[in-house]
Amino acid sequence: MIQKDKRAWAWVPTLYFTQGIPYILIVTVSVTMYKRLDISNADIGLYTSWLYLPWVLKPLWSPFVDLRSTKRTWFLAMQLVIALALLGVGLTLPTNQFFITTLACFWVAAFASATNDIAADGYYMIGLTQKKQSFFVGIRSTFYRLAMVTGSGLIVVLAGFLEEQLGDNTRAWSITMVSASVLMLLLTITNFFVTPKFEASDPNREKPKDFMEVFVSFFKKPQIGLALGFILCYRLGESQLVKMAQPFLLDGAEDGGLGLSTKAIGIIYGTIGVIMLSLGGILGGILISRDVLRKWMLPMVLSLNAPNILYAILAVTQTTNMGAIVATVVLEQFGYGFGFAAFLIYLIYIADGNSKTSHYAIATGFMALGMMLPGMISGYIQEWLGYAGFFIWVVIAALPALLMLRFLKYPDDYGKKSNE
């Protein structure tokens, strides 16, 4: 039997980097791409938010992933499907019906990505001891965020460079998405070689229960109603900001934006942004592992939402000062990395107990719902209020999560509950 924790320093970073790449391409880079291809903000907000749906619904098939084959087989197969779907996006962009065809390809990639998440998270719990699961929380979240910045930074930089060189946005994004497909294929091959076959070597591994029992037991957890409300509201502001931040930076002054180029946005997110995002995530994981979640939840919720005030200031002043713009993005990235650490640990806490894989999938499904529903109407709100009014509203949207904090109960550490 292969020992747990084997080669963890090799497969944890690559597996979670691979998990982050399709997610950021589907839900964020697609926004920039459609904006550069002259799709309206309302359509961008509505249709790209629907792409969250597979992450919302993934609890419905998470027990099936447990019952059929191994999680390693599942995530390798899904990563290959994602690579093919991204290739489909790139090849159909030059067609007359590109909006429909690329959305269809993104839908395939989204369902495969959500399934990949279920399998990868389950593999993480099976392949590591409880002690190592706690230790690698910061590492996995850091590499996941590095993937997100790679997508919203380096891949967007590539698209911006090609836009300038080719003078054709459609062709530039077509080449970019084909390149993303190649990257996804290389990551799949890497994961094939670095991930040990834990499940195949362990005939005594835990089997999942009947689906309905798994599902019902999740909703019988203590304080589950308040917990789910908190999960839905934790990123209420961010879920809207993430859809409109890049259109705001790209739109001209006549539309209330700042008029930056695609390449400039990619550079801002892909250089200093990646450093600050990584530092925020690592620092957050260290502080929570050193202390207790209760101590850091309020500072981390504030760090996630406070930078939104700076976006409101940018929108009101419409400043062209690059230092102010970069500082806003940098603080947002650091705050996101720092603040999301608490959210991730809270989700692991909610999933603790029997059927961890399925319960974690259910918890993250509610997390995705909290991103999807506000994002769907973000474009309409922005067009109604303008960018200045929209970002002020985003700041106000942080209040529900802050008000719920005083009523939450926390674990003393990753596996021990207190104050019950």
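**Exercise 1.** State in which hand helix α15 passes helix α17, how the two are oriented, and which residues touch.

*Solution.*
Step 1. In this predicted model, α15 passes α17 in a left-handed crossing. Left-handed means that the near helix is turned anticlockwise from the far one by less than a right angle; clockwise is right-handed.

Step 2. Helix α15 covers residues 308-317, and its axis lies 8 Å from that of α17, at an angle of about 165 degrees. Axes are lines fitted to C-alpha atoms over the stretch in contact, with angles from 0 to 180 degrees between N-to-C directions. Helices are DSSP runs (H or I, at least four residues), numbered from the N terminus.

Step 3. The pair is therefore roughly antiparallel (over 145 degrees; under 35 is roughly parallel, 65 to 115 roughly perpendicular, the rest oblique).

Step 4. From α15, the contact includes N308, I309 and Y311; from α17, it includes Y387, A388 and F391. Contact means heavy atoms within 4.5 Å.

The model counts local features at pLDDT of at least 70 and side-chain atom pairs at pLDDT 80 or more, while totals for chains, interfaces and linings use all residues. Residues are numbered from 1 along each chain as its sequence is written, and side-chain values use heavy atoms, without hydrogens and water.

**Exercise 2.** Describe how α6 meets α17.

*Solution.*
Step 1. Helix α6 (residues 98-127) and helix α17 (residues 356-396) have axes that come within 9 Å and cross at roughly 135 degrees. That makes α6 oblique to α17.

Step 2. The crossing of α6 past α17 is right-handed.

Step 3. I118, D121, G122 and M125 of α6 meet K356, T357, Y360 and A361 of α17.
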